Amino acid sequence: MIYNYLRNFTPFIFLLLSIQLVSAQAFRIEGKIAEKETGLPLPGATIQAKESSQATITDRNGHFSLSVSPGDLIEIKFLGFRSKELMVDESSSFLDIHLEEDRQLIYEVVVTGALGIRRASRELGVGTQVVDNDYLTQGKQVNPLTALTSKVAGLRVNMYDSKVDPEIRIIMRGSRSLNRQANAPMYVVDGVPVPDINRLNPNDIESITVLKGANAAALYGSDGVNGALMITTKQGSGGNEKVTFAHTTSFSQVFLLPQAQNQFGQGQNRVYSPLQSESWGPRFDGTMRDFGPKLPDGTQPQLLYAAPSKDNRLDLFQTGIQIQNDVSFSGGNETNTYFLSIQDVRISGILPGDESSRTGIRLNGSRKFGRLRTLYNANYVRFSKSIAPDGPWLSVYTSPANIDYPQMKNWQDASSIANPANYFTDQLKNPFFLLDNYRQNSDQSVLSGKLEWDYEITPWLSAIYRLGYHSKKDEKRNTTGKFEAKGKRNVNGAVTDISEDFERINGDLILNFDHTFGKVTTNMILGQNFRTDRTRNVSVGATNLLLPDLFNTDARVGELAATSGSSLSQYRSLSVYGELIAGYDQFLFLTLTGRNDWVSVLHPNNRSYFYPGVSTSLILHEAIPALQENETLTFAKVFASWNKTGNVTLDPYKLNNPYTQINGFPFGNLVGFTPGSAYPNPDIQPEFVTSYEFGTQLSFFKHRLHLESSYVFSDSEGQIFNSTLSRATGYSSAIVNAGRLTNRIIEVSLSGDILVDANRKLNLGLQFSKTNNRVEELYEGNSFNIFRQSYAIVGEPYPSLLVSDYKRDPQGRIVINEKTGYPVLAEQETLLGTMVPPYQLGLNGSFSYKNLSIGFQAESRWGGWLYSEIIPRQYTAGTHPRTVTFNREPFVYPNSAIENSDGSFTENTSVISPGDKAFWDYEGKIQVNTAAKSDFFKLREVNVTYRLPEKMLSKQKLFSAASITAFGNNLIIIRHKDNDHGDPEYLYNATDGYVSFRQVPPYRSYGFNLNFEF
C-alpha cells in the first residue's frame, strides 16, 4: 500500500525537483535602454527572452527587469530603431544597451486608421496627426476635447462658457454644412464610433490619431465627412505589471470681466434714487446715502456712495477647486493582458453652488486562443452636476459699481436687505438669490464597451467581428423656488423633470486580405456595418407650484407646462465598404476606397448612395537613390487624395408630416389635429462633399527638423436646410437641397529638436492653418439669416457678421441729425467679415534637463469678428465706460458732419448731442459699437515636472517612479485693442463669434499633480 502510494506520487516528486532545479538556475537581470546618438532613455522598448517567452518593457527612464536563464537569447526592439539580440549569463547583472536609429524605419510610425486598423504612416495618402498621452495630458484637463486645443493643425475647439461642465464644439478644416450642428468630426474609441467623448478619462487614452477630413475617414462615410478622432485607450502588456496613482488639485479664478465705469452711481438724470438699479445718478461723492427700501423693523439701510477701490463684481465669484484622483492597474502575460483604471473628479465652480462630480471605471483586456485573439473593454461613468442657469452675472454687470455684494449673500433672512422682498430694487434680482433659488441639476450615466474577435483564417486572410455599445441616461431637474412677495419681487415656483435616454449599437464584419507579389504588396479590406440609434426624451413641468420647497408637478395650480411631452426616435443605417492598398517596393502606395450606405432618414427612393475615394503616397528618399545619402534631406514623402462623400444631416422623421393636437380645435372639447408647417420634401438627397488634398512630409538634418504641409479643397453641394415658402402653399417652410460651400485650406506643421544631448533636450513646434471658407450658392436670394447678426452671404465666408452702422460722409465722418444731435443710421447694414478666425497658429515647446522638464502650449487666432450682447446692456444701464466719456454733459460728436440740403457735407462744430441716458441707449443699439476684431493670443498651458532621480528611488522599495508637476492653464490672453467685450473664443447658441449676455466670464487655473508608479 505504501509502495502504491509512493508510486502514484513519484511523478509529482520529480516535477517538484525539476521546478526547484529550474528555479535555482533562473536569475534576474536589470538594465537600461537608451539612444546611441544622444544617450536619452527609450521608454516602452520591448525586451523578450526568446526561449522562455518572458517579456517586459522599459519604464519612462528606460529601465527594465526580467527573469531569464543562463544562455537565454534576449531581443530588444523599439520602433524607429534597429533591434538588437544579446546572449545573457549570470555575469549579466546589469545591461547598458544602446540602440541605433534606423533611417528606413523612422517614418514607419504606426497610426490608427479608419475602422481602428493600424497602418504604417508611409502608406497614407492623407493628412493625419497623432497626439500621444503625454502631450494630451500636459494641462491635466478632465475633458479630452479641451485637452486637444491648439495641438492639431486645422482643429478648432471652442467652449460655450465657464461653468463646471461647459459644452464643447470642435470643428476640423472649416464648416462643410450650413447646419451648424453638423460640422463636428466623428469620435471612434477602440474602433467603435461613439456620439461624444466628453466623459472619457484623458488618462485612459494611449493616443489620438486625427484623421483630417473625409479623405482620411472615407471608410466611415457620412459620419466621417468632417474627419475623425481615432482614440486608442491603454492596454496592458505581457510581463510588465504596473500600478499607477495620480492626484491632481487645481484652482480657478475668474478674469477678463468687461470694463465698467466707476464715476457715476444709481439714479436717473443725475438724480440719486435709492431704489434704482441703473447708474445714471450723480457722480460718486464719498457720502453715506440711503440704499433700498426700509427694512421690516423700520431701519433704513445705507451704503457708501463712492467709487470702490477694487472691482466689486469679483465678489460674485469664488475660487474654483478641482480635485482629481486616478489609479490604474495593468499587466498580463503572453496570452492575456488587462488594464483597469478608476477615476474620481470633484469640481467646485467659480460661481457659488456650481459643482460637479465624476466617477468612472474602465476595464480593457485581451486573450489569445491559438489563432483567435479576443479584445474586450467596458467603461462606466457616473456624472452629476448642479449649476445656476443664466441670470446672476447679468444682474451684476448692469448694477452700480459700489454695490457691496458680500452683504447680499444672506438672502434667506427676512429682515436682511439681501432678502428679495427688501432688495434695493425691483428692476433686478439679488444675484445670490438667483444662484441659490434657480438650479439646473443633472445625473448622468454613460456605459460603453465592445467585444471584438480577430481570427487568422490563413496567413493571408483574417476576419474581424466587432460589436460596440454606447448608452447615456440623463436625468435632469430644473427648479425655481417659490418666493411670495409683491409685484415684480414675487417668484412662482417651478419644476421641470427631464429624462433623456440614448442608445447606440454598432457592428462591423471585416475581412482583411494580405498578399505579396514580388515587390508588390497588397492589402484589401471588405466590410459590412450596421448601426442603430435610439433616443427617448420625456419632459414634465409645472410653472405654478403651491409650496416653496416642494418640487412636485402634482403640487401645482393649473395645467402642466406647455413644454411637457415625450418623443421617441430611431435612426438606422446599413453599409458595405471596401479598401484596396497596393504598394510597390515600399515607396509607392495607392489606396482605393468605396462605400455604399442605406439610411432610414431618407425616402426609400433616395436612401441608398455610393461614394468613392482614391489616395496615393510616394516616399521620395527611397524612390530616388540620390536622396538616400543626402545629409540635409533625411526623409521625403508626397501624397495626394480625392474623395466624394455623401452627408445626411437630417434628424429622424423630418420627411414625415407630423400632426399636433390643439386644445379647443376645431371647437369646444372636440379633439383636433393640425399638420406641421414644414413641407416634408420626399426628394431630399444627401449633401455631397468633394475634396482634394495635396501634401508633403519632410525631415531634415538626421530627423532633427520635421515639416508637414497640406493644401485641401472641399466643395459641399446640395446643402440640406429649411427655406421659407409662401403660406399660400399651406406650409411656411420646406426642407430643400440647395446651397454650396467651399473651403480652401493650408496647413503647416513644423517641429524640431533644437538641442539634444545626453542630459538636455529642447523641442519647439508650431501648427498653422488658414481656412478660406466661402458661400457659393443659396436656395433663394444672396443672403440667409443664421442667427441674429450672423448670415450666410453668397461670395462671403460663412458665417459673416452684418451689423447696423452710422451714416458717414465721403471723408468717413459720422453724420449727425442737426435737429436732435443723434447720429444718423445708414440705410444699409455693414458687412464686417467672417465670424470664424481664418488664421490659427499653435505653438508648443518642451525643455528637459536631467530629471526636470518644462513645457508650454500657446495659440493665436486672428482675422475674425465678434459681436457682444453684453455691451448694449451696459450702455442701457449706464455701466459702460463710454457713457462717461463726456461727463454725461451735452457735447459735439467727434469727427462728425452735417448733411446739407444739396447733399453735401460740412464739419459739425455746433450741433450738440445730449449725452443723457436716451442718447447712450441709442448708441448701444448701433451694432457696430458692439462688434470688434476677435484676434487673440493665449498662453494655454505651462507645466514644470520633476522626476525623482534613481538614487533617491533606490533607497526605498515602495514605488519605482515618482514625479511632481506644477501647471497653469489659460494664464495670459492678449486681445485686439478694440475688444473689451470678453473671451473671443466662447460660443453662444451653436454660433461663432458671439459674446452672450448670459455667459459667465472665463477663468485661469493653476495646480499641481503627483504621480507614482509601483
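Contact here means heavy atoms within 4.5 Å. Helices (H or I, at least four residues) and strands (E, at least two) are DSSP runs, numbered from the N terminus. The model is predicted: local features need pLDDT of at least 70, side-chain atom pairs count only at pLDDT 80 or more, and totals for chains, interfaces and linings use all residues. Residues are numbered from 1 along each chain as its sequence is written, and side-chain values use heavy atoms, with hydrogens and water left out.

## Helix 9 and helix 10

Pro872, Tyr875 and Thr876 of helix 9 meet Lys917, Trp920, Asp921, Glu923 and Gly924 of helix 10. By class, this contact of helix 9 with helix 10 has three nonpolar, two polar and three charged residues; Ala, Val, Leu, Ile, Met, Phe, Trp, Tyr, Cys and Pro count as nonpolar, Asp, Glu, Lys and Arg as charged, and the others, Gly among them, as polar. Helix 9 covers residues 870–877 and helix 10 covers residues 917–924; the two pack at an angle of about 175 degrees, with their axes 8 Å apart. Axes are lines fitted to C-alpha atoms, for helices over the stretch in contact, and angles run from 0 to 180 degrees between N-to-C directions. Angles under 35 degrees count as roughly parallel, over 145 as roughly antiparallel, 65 to 115 as roughly perpendicular and the rest as oblique. Helix 9 and helix 10 are therefore roughly antiparallel to each other.

Burial is judged by relative accessible area: buried means under 20%, exposed over 50%, and partly exposed in between (1.4 Å probe, protein chains only). Six of the eight residues of helix 9 are buried, so this helix is largely enclosed by the rest of the structure. The buried residues are Ile870, Ile871, Pro872, Gln874, Tyr875 and Ala877. Their cover includes helix 5, strand 50, helix 10 and strand 56. Just after helix 9, Gly878 takes a positive phi of about 80 degrees. In helix 10, the buried residues are Phe919, Trp920, Asp921, Glu923 and Gly924, and what covers them includes helix 9.

## Strand pairing

Two strands pair if DSSP finds at least two bridges between them. Strand 50 and strand 56, both named above as cover for helix 9, belong to an open sheet of three strands in the order 53-50-56, with mixed pairing. The edge strands are strand 53 (931–933) and strand 56 (994–995), each pairing on one side only.

A further open sheet has four strands in the order 43-44-45-47, with antiparallel pairing. Its edge strands, strand 43 (783–787) and strand 47 (830–834), each pair on one side only. Neighbouring strands of this sheet are turned by 40 degrees against each other on average, direction ignored.

| Strand pair | Direction | Bridges | Facing residues |
|---|---|---|---|
| Strand 50 (residues 865–868) and strand 56 | parallel | two bridges | Tyr867 and Tyr994 |
| Strand 17 (residues 242–254) and strand 22 (residues 320–332) | antiparallel | 11 bridges | Thr249 and Ile323 |
| Strand 17 and strand 57 (residues 1003–1013) | antiparallel | 11 bridges | Ala246 and Asn1011 |

A nonpolar core is a set of buried Ala, Val, Leu, Ile, Met, Phe, Trp, Tyr and Cys residues joined through side-chain atoms within 4.5 Å. In soluble globular proteins, nonpolar side chains tend to be buried together. The largest core of this model has 33 residues, of which Phe291, Leu316, Phe317, Trp393, Met408 and Phe432 touch the most other members. Helix 5 (392–397) and helix 6 (431–437) each supply at least two residues of this core, and the largest share, four residues, comes from helix 6.

Leaving aside its neighbours within four places in sequence, Phe291 is in contact with residues including Tyr272, Pro274, Leu303, Ile403, Met408, Ile417 and Phe424. A second, separate core of 24 residues includes Val803, Ile814, Ile816 and Met835.

Ile387 is found in strand 25 (residues 372–387). At 8% relative accessibility, Ile387 counts as buried. Asp354 lies 33 residues away along the chain, and the C-alpha atoms of Ile387 and Asp354 are separated by 4.5 Å. Not counting residues up to four places away in sequence, Ile387 touches Lys163, Val164, Asp354, Tyr438, Arg439 and Gln440.
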